[in-house]
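Thanks, everyone, for making time this morning. I would like to walk you through one model, going from the contacts between chains to the individual chains themselves.

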Amino acid sequence: MESLLLYSVFNGLVVGIFYALMALGLSLILGLNGVINFAHGTFMALGGYIAFTIEPYVGFWGSLIVAPLLTVILGLAVERVLIRPLYGRDPLFSLLLTFGLAMIMEDLIRTIWGAVGRPFVLPGYLNAPLSNTFFFLTGYRVVLILITIVVTGALFAVLRYSRIGIRIRAGNADLETISAMGVNIFFLRAANFGIGIFLAGVAGILAAGQLGLSPSIGSSLIMPSFVAIIVGGVGSLVGSVLGGLIIGIASGITAAFFPVAQEVVIYVIMAIVLVIRPRGLLGQEGLFE
Amino acid sequence: MSTSIDAKLALNRKSGGRVVAAMVIWVVLLFVPFWLPMIGGYTDLATRALIYAIAASGLNLLLGYTGGLSFGHAAYFGLGAYGAGLCLIHIAPSVPLAILGGTVLGGIAGILVGPMAMKRKGIYFAMITIAFGQMFYFIAVRWNSLTGGEDGLTGFSRVPLHIGGEAIKLGPERFYYLVLVLFALVMAIIWQILRSPLGHSFVAVRENTTRLRFLGVAVDKQIWVAFAISTFIVALAGTLNALLTGFASPDNLGWQLSGSFVVICVLGGMRSFWGPFLGAVIFIVAQDYLSSVTQNWMSFIGLIFVLAVLFFPQGLLGFIKGRGR
Amino acid sequence: MSFLKLDNVGRRFGALQALKDISISVEQGELRAVIGPNGAGKTTLFNLISGFFPPTEGSISFAGQPITAVSPNALVRRGIIRTFQITQVFLSLTVYENLRVAVETAMGLQLRPWISRATRAQVEAKVEELADIIRITPKLDRIVGEMSHGDQRVVEVGIALSRHPKLLLLDEPTAGMGDQETHHMTDLIRRLNKEQGITILFVEHDMAIVFGIADKITVLDNGTMLAEGTAAEISANPRVQSAYLGNALEETAV
Amino acid sequence: MVFKNTASLNRRNLLRAGAAAGVSSLAMPEVSWAQSEKTVKIGNIDPRTGTYAALGGNQIRGATMAVDEINKKGGILGRPVQLLVEDSQGLPGPAVSKAQKLVNQDKVNFLMGSVSSAVSGSLSQFANQHDLVFVDSGGHADAITGKKCTWNTFRTCSTTWMLTAGDFEPLFKKFGKKWFFITPDYAFGHALYTDYVAQLTKAGGTALGNALAPLGTTDFSSYLIQARAAKPDVLICLQAGDDLVNLLKQTVQFGMNTQMTVAGAMQEMEVLEALPPAALLGWWTFEWYWNQPNVPHVADFVKAYKSRYNNKVPTARSWFGYATAHALALAANQAKSLDALKVVRALEGLELPPEVALQPGKCYYRAQDHQMIANMFPGYVPKDASYPNLFDVSQTIPGGDIAKSPEEAGCKMAYPS
């Protein structure tokens, strides 16, 4: 029983990592670009499929670097052509646009890579359990957690210390002032969108190794990521990560002890947070949004 | 002073034109079962378009008139569908009861969810409505014993209507007329709301919540009422959809459908009374046609979303009116 | 007993002390101007009185009742109505529709999905009356968003009037207006005060207007109260002259 | 409620509609049907998008190939046959919408298709309301030809019972009597589980546990830990499609394939294709396999299919579509009519000729419950399997030996008077 609890917490943690990576990217784009990126899940899937395609040539570790960058290039093109005209307009429009984009991208993925799920072959040494007692600790799961820590840590370092990072954070708080100070906000928004997509790409490759690839994998991960943002607190990047981990672990534990409710539980958590702490765990208090 | 009179005359002319247009629409709708098969369509398709028009018009009361961006209204559509099915299976084989039961179920859910979703505004409101929609989706999927789970709820059908001791079977044509009557009823209700102080206040919420709040109006209450009314109407559409297809399934509550309702409103024109209707007709016909001719129909539907946003943000009716001005 | 009374009111935002030690008393029927350089705390003062946020120190009373930390809604019901520095109207509606929704909500009809013919007539009569007061009847069918800035501000005052204000707070009513519009607005303010007997508090930068129509003037500077008094007293006040009026006069001279 | 649809083509219905027109003032004039009678139309509703797109795609390929062959041999009643393919997305809602369109607008003569049991059920109900022949090519739930059987619905693929009975004995004898189940939480999964447990208990084995996983589960580890704790001889995985892919991959990741025998009921070529080499394992049942060296016609069929479809071998799904379309043509030609009831009577007991059956022994639609009785192909995934040699059939079991009798299945057929 103890090992089941331990296991389910760990399992939830792994799932929560995907939610957190997704929510972090979504949250960045939401803050500075003011866009609910519904296509975030399909960008993630795309990252996985690109990795699947280039892996035979560059290997797993190579694809881990190259595939997100290729995804980002596509993301930047989308931002430039489709999303930029919508800045400053009712958020309804960017939401609908990315919604349509998600449908198109999912369909394209199905057309290019086929409706059948695709195996993503991991290096053999990553597949084996590390110890017999903790059989769920496979090499890959540990690597997955480490990579996430490195990526998230690097992101927060960039946001805190680099010039562009500081500007992104400032723009998040007050875009007008930043713009008045002579910062090119179009560049800033594009860069920010790119970073968000990069995170989705990384999540996509990690998910490909853990869950396998199918055209609709993105849409199954994006909804919990929304919940993660609301639970963690709108406007707080740390909150998004925290929210992702919390709902991941909650759903992991529920899956082990009350499997019927494993999806519903995250929405119940959201409802509870909304009732007792509407701004979310680490969210800013705003009088009027 | 004379400019004002001219303006009023112009307004009258405009509304005169509107009356004629509305009359044409109703006459065309009245004879659908006669002309649609002749041009290669089928009555059930028109019924489905009307059902979507009811749902979109209900949503638009919140979306277009009150300015509340709900991306989760399929949840109430689906609840209406399940409610209707459960009424037919467990309570009594009566179509009116099923319609009533499903509508009330969806509407009550809307009344309960509304205040929680409204804790946040704007873009975050949209996100929360999506998430609540997913919650109902998963409840429907997982509560196997009641809902039939992933397979959906089956085992009910459009039992005959009993009027004055006579049993009237509801074939496609008669069911179309039943839906048409309810569509007319919904449009009348929305029309009445829009010309009442309630409707005026909805529009004021959309235009400027700060102003309204400093007129002493509890803005949240107005949004709640708009939210609730829209969920009742969407749930009504859901019950009719269940009766049309003969079952309720989880995809009736899914976010894809929620998105479709929103794009229907945008496509036809969110600020127009007939916009959602027009959007529904276009969307249903396009979907029906595209999904038959190409395996990649999803791309084309997605393209409709993208094009509507980039080129017709005011919707087709808004576009037409804008050019007329 | 003064109509509106602020006792040692202060407001702090984190480390920033936006207002400090403000004591003001306004008599019923008074037309009071609030002046001061940018950042003096004028809008913060309005926000406190209208309940936008509560003061962190001191107390406020209105018509003999304490109103510290009373919600904006409740204050509106008690008769404190405000306009905003940034015009707050219903932009894509006509003037008529703007005034109508204001009148309907003032009558508490905002939850009614239908009204009787008599009530409708009553609403229409009130809208016409309001339009007459603010002199906008010929433009009733115009979309507000397509009108001039001055007209929009007039409409905003009309909306505020629908609530039968006892105390009207006008935040820079003539800002950004041309001469003609300014004249129209000052005339409107004076008429509302004299003919309708509404107590008015207004923030204004244009000294000509302030000295022209205000009964009394309150001067804020840097979050504190510098002076209070009639036009003559204020212009004679050496502190005001040195700290504020000198600059302002220079500005107007330029 | 049986609504007499005026749009249906057959003569019997047309007469009825004429009679009904007197009663119902709303009956629409139907003038255009005579022109459209030239071709015989088969409406094929299969998932081209969604979770089951790969399976649906192969059913469509099989059916398309069959229709071309039928047309080469003179069509149905001397008229050309047209296959109208519609996308069900694997969901009952869109499937019924498509059925409405096919019946009312395109005026098809027969309906076929479906991968998921939910869609099969809703289409069967729809077809029944419209007096139309429907052949369920690939939805397995027992009820379709059991408790919910109807006079106008047939099924080509096997029942869930047959899927479990196909490999129960080899598994039980070879590997042991303590079993653990991981079951997808919907009707199809529940049915497989119940059927296995019935046989297991009867044979004296024990079901150590059953973990219910929702459809679309991507992470099965919480179920695998339960299974591991139970220490069974056999781990039965009842998932299908992408779910099974994920489950098997994780089973191997956790090293559980070395501790117990991984097995299950239905296995498909499409699933094995999606598996990484490390997860290619287990004991399963196929419903048809392309490699049957000693059976006549099979090699020819495989060759023709491969040259037509990008060198891919036909799968069981391809055969379902292929056999279903051929069966409809055979029955209509035999009945010399397109009338629903007459075609139904011809389908009842219809035996597939060897070039369509493509397997040893007798393949026929059982008259009492409309269930196709064909062979099951239990076997295992060999070591170092690679496409297209992903499965070794250990034996072929004639369906007649294991299928429940119509009485046991609970089918009570009622025909229209």
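Let me begin with a definition: when I say that two residues are in contact, I mean that their C-beta atoms, placed from the backbone, lie within 7 Å. Please also keep in mind that what you see is a predicted model.

With that definition, which of the four pairs of chains in contact shares the most contacts? It is chains A and B, and their contact draws on 34 residues from chain A and 36 residues from chain B. On the side of chain A that touches chain B, the elements giving two or more residues are α3 (91-113), α9 (217-232) and α11 (264-276) of chain A, and the largest share, 15 residues, comes from α3(A).

Some other pairs do not touch at all. Chain A and chain C are not in contact, with their nearest C-alpha atoms 9 Å apart, and for chain C and chain D, which do not touch either, the corresponding separation is 36 Å.

Staying with chain A, the unreviewed UniProt entry places the feature "transmembrane region" at several spans, including residues 95-113 and 225-250. In the model, residues 95-113 of chain A are 100% helix and 0% strand, and the end C-alpha atoms of that span are 27 Å apart. Residues 225-250 of chain A, by comparison, are 85% helix and 0% strand, with end C-alpha atoms lying 14 Å apart.

Among the elements of chain A, helix α2 (residues 40-83) has the highest mean pLDDT, 91, whereas helix α7 (residues 175-180) has the lowest, 71.

Finally, let me turn to chain C, which holds nine helices and 10 strands. Its radius of gyration is 19 Å, close to the 18 Å that the globule rule gives for 254 residues, so chain C is as compact as a globular protein of that length. Along the principal axes, the C-alpha atoms of chain C fill a box of roughly 60 × 40 × 35 Å, and 44% of the 254 residues are buried. Of the contacts in chain C with a separation of 6 or more, 65% are between residues 24 or more positions apart.

Notes: Residues are numbered from 1 along each chain as its sequence is written. Chains are lettered from A and ligands numbered from 1 in the order in which they are written. This is a predicted model: local features need pLDDT of at least 70, side-chain atom pairs count only at pLDDT 80 or more; totals for chains, interfaces and linings use all residues. UniProt positions are given in the numbering used here, feature names are shortened, and annotations may be inferred rather than shown by experiment. Helices (H or I, at least four residues) and strands (E, at least two) are DSSP runs, numbered from the N terminus. pLDDT is the predictor's confidence in each residue, from 0 to 100. The radius of gyration is taken over C-alpha atoms; the globule rule is 2.2 Å times the number of residues to the power 0.38. A residue is buried if 20 or more other C-beta atoms lie within 10 Å of its own, exposed if 12 or fewer, and partly exposed in between; C-beta atoms are placed from the backbone.
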